[in-house]
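Hello,

Here is the structure I promised to send over. Have a look at it first, and then read on for my notes on what turned up.

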Amino acid sequence: MEILDEITGKDYEFGFTTNIESEKIPAGLNEEIIRVISAKKNEPSWLLDWRLEAFKIWQGMTEPEWAHVHYTKPDFQAISYYSAPKSKPKYNSLDEIDPEMRKTMDRLGISMDEQKRLNGIAVDFVMDSVSVATSFKEKLGELGIIFCSISEAVQEHGELVRKYLGTVVPRTDNFYAALNSAVFTDGSFCYIPKGVRCPMELSTYFRINEAGTGQFERTLLIADEESYVSYLEGCTAPQRDENQLHAAVVELVAMEKAEIKYSTVQNWYPGDKDGKGGVFNFVTKRGLCDGYKSKISWTQVETGSAVTWKYPSCILKGDYSVGEFYSVAVTNHFQQADTGTKMIHIGRNTHSTIISKGISAGHSNNSYRGLVQINSSAKNARNFSQCDSLLMTDTSGAHTFPYIEVNNSSAQVEHEATTSKIGEDQIFYCLQRGLDEEQAISMIVNGYAKEVLNKLPMEFAVEAQKLLAISLEGSVG
Amino acid sequence: MIEIKDLKASIGEKEILKGLNLVVKPGEIHAIMGPNGSGKSTLASVLAGREEYEVTGGEVVFNGKNLLEMAPEERAREGLFLAFQYPVEIPGVSNMNFLKAAVGEVRKHRGQEALSAKDFLALVKEKSAMVELDGQLAHRAVNEGFSGGEKKRNEVFQMAMLEPKLAILDETDSGLDIDALRIVAQGVNAMRSPERSFIVITHYQRLLDYIVPDVVHVLYKGRIVKTGTKELALELEEKGYDWIKETVA
């Protein structure tokens, strides 16, 4: 299969940079920098204090080393913690957007107007440290839905932010969460009022543009009683030789009978085929099923980043609450991923489902790490976990680290795991029917990941399928 | 249709085909019989372009083109179809999507327009009925959870959808009960035409009661050692292969 080498080197499609004037503060991290960030964002004093305390906590922490990944630790003093496109940071109308920015959005396939209206998706676009545009705010506003950047929410809905910020992922949670709490710059905020079913998909698109910056976004999503929301998140970055740090925190709160569907297609720059460059994606995502019969489901398609460290989790506190985690993680070349979930059962009759599909190609390493914890209070809790790994080459690795802690004898916990190698027989069968090798691999891999892809909203599912195919082109060996 | 001259092929160090000659004309059905290990399935794999087999000599002309120079998918698009002895399962990929992609590629290669969804469905309905394949199977994943008989019928169904010029049936009768055998044969017979040829590889004469060949060959130790009419198959059924082995020795 000589054509393999040829196409393995397929370029990262979103590796361009945007020439746009930006304002970037000097590299380094100290109290003063945090004060500057807070001042630039015109924040109330409670938030500045909150950040400074997080910074103190962070200073006392060490970077975690337990994950099955190897990399040179970032120099936190060499990163600039704030970068914003210089022209008007927030636009009143879409016509005002800088033409260069507009071009960027077009190339990324984000149109803030007609097309998305047809698809019924509201978009918040975050470039580097700031949110640049949010669509459909008015229409959502009529239903009492708040969907805006978190900076804006701090200004206009300060009490809500203050009430929930850090309640699901406390500042003390881990090294990156503490760092994010100290320096987060922007992200999305969403509140769905009682009894409201959000009529469209809400979406945030994250983009790192500036060199030498990190992206630290913070997302907070609150679904009040009996509400429903489906939220999508996409991310890309330019192709750069140095590693860029992305350390986000996402917090979800679902109250009684509320349901949150959170979907991510993560396509940060993975580095080149020799493992140079790429984004370090160290993310803490957690949802609290606070109320009776609340439900949170995470769906992720992870194809990007040089190193991924990410465990979207659910705390099932409300009785009869439900947590779900559906994941496809692809690693190629020298990418490393350590990803999975935590399902913490506290309430009675709580249910969780974990479906994880890992795909390893090239010289990459792909690990599933998951915790199912049944507390003593969680009577009749149930979990089902299925972790499958597909190896595309002899030089790639697949690892599974399941942790199960059961403290209530009425619990039912099931765990299934498989590892397989993509079959030459399967590929040959496809070739014999007239498909070429790329089509064959794409078809086999998408079939393998189907259970998870089916959970994505329609428009995203199509995108994700294409992305899987591109990430794996010519990767069988 | 296909002209095989002095074909030699090995797997690893072992030479399996040792100078095989065969000419199949348009519209003909040739049966290839022979004892275990004589090279029957190797011939099918080499013609379809499996990588594990190394062609060490000879040539194969398919419709005036050098077959051995073509990639496996090009051979398929040129109209060579192999009904596998052991069809693989492809979990999560529906039969319909799989066939849609395959039919699309083959039509594109022939310079035909893509089928509309409606026409494609109509074709599926027509061809699946031909092999009495349950409509549900078309929507299930490729061969996943299919019985042995269903897998073989699915092969013939795919063949009917792709309308090849030359179809090679590699022990399609193995593991089939008499009813399934009849259905498979019925499908093949319905596809007989003056432009289409078949190479039917089989162990048993039984299949040839249903698919009546024009020519019967005996393959032994990598060569065709005897060629005759359909009566040769009956003779083999009666006498076994030993007398052939003796004549060759």
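Predicted model: local features only at pLDDT ≥ 70, side-chain atom pairs only at ≥ 80, totals over all residues.

Let me begin with a pair of helices: in chain A, helix 3 and helix 9 cross in a left-handed sense. Their axes are 7 Å apart, and the angle between them is about 150°. Any angle over 145 degrees counts as roughly antiparallel, and helix 3 and helix 9 of chain A are therefore roughly antiparallel to each other. Helix 3 of chain A covers residues 45–59, and helix 9 of chain A covers residues 175–183. If you want to display the contact, select Trp50(A), Arg51(A), Ala54(A), Phe55(A), Ile57(A) and Trp58(A) on helix 3 of chain A.

Chain A contains 13 helices and 23 strands. It has 477 residues, of which 64% count as buried. Among the contacts in chain A with a separation of 6 or more, 84% are between residues 24 or more positions apart.

Next, a run of parallel strands in chain A. Strand 17 (residues 322–331) of chain A pairs with strand 19 of chain A in the parallel sense, over 10 bridges. Strand 19 of chain A is in turn joined by 10 bridges to strand 21 (residues 382–391) of chain A, and these two also run parallel. From strand 21 of chain A, 10 bridges lead on to strand 23 (residues 412–421) of chain A, again in parallel.

You can follow this pairing residue by residue. Gly323(A) stands opposite Ser352(A) in strand 19 of chain A. Ser352(A) has Asn383(A) as its bridge partner in strand 21 of chain A. Also in strand 21 of chain A, Ser385(A) is the bridge partner of Ile354(A).

One residue elsewhere in chain A is worth a click. Thr219(A) lies in strand 8 (residues 218–223) of chain A. Is Thr219(A) buried or exposed? With a relative accessible area of 1%, Thr219(A) is buried. Leaving aside neighbours within four places in sequence, Thr219(A) is in contact with Ser188(A), Phe206(A), Tyr231(A), Val249(A), Val250(A), Glu251(A) and Tyr262(A).

Cys148(A) is buried, with a relative accessible area of 4%, and Cys198(A) counts as buried at 7% relative accessibility.

Now to chain B. Here 4 strands form an open sheet in the order 2-1-4-5, with antiparallel pairing. Strand 2 (14–24) and strand 5 (65–66) of chain B stand at the edges with a single partner strand each, so one side of each has no neighbour in the sheet. Strand 1 (residues 2–11) of chain B is joined to strand 2 of chain B by 8 bridges. Within that pairing, Ala9(B) stands opposite Leu17(B) in strand 2 of chain B. Helix 1 (residues 40–48) of chain B packs on the sheet and touches strand 1, strand 2 and strand 4 (53–62) of chain B. The direction of helix 1 of chain B makes about 105° with that of strand 1 of chain B.

Chain B has a helix pair to look at as well. Helix 3 (residues 95–109) and helix 6 (residues 148–162) of chain B pack at an angle of about 35°, with their axes 10 Å apart. Their crossing is right-handed. The contact involves several residues of helix 3 of chain B, including Phe98(B), Leu99(B) and Val103(B). From helix 6 of chain B, the residues in the contact include Phe157(B), Met161(B) and Leu162(B).

Best wishes

Conventions: Residues numbered from 1 in each chain as written. Chains lettered and ligands numbered in written order. Heavy atoms only, no water. Pairing = 2+ DSSP bridges. Contact = heavy atoms within 4.5 Å. Axes fitted to C-alpha atoms, helices over the stretch in contact; angles between N-to-C directions. Buried < 20%, exposed > 50% of the residue type's maximum accessible area, 1.4 Å probe, protein only. Parallel < 35°, antiparallel > 145°, perpendicular 65-115°, else oblique. Left-handed = near helix turned anticlockwise from the far one by under 90°.
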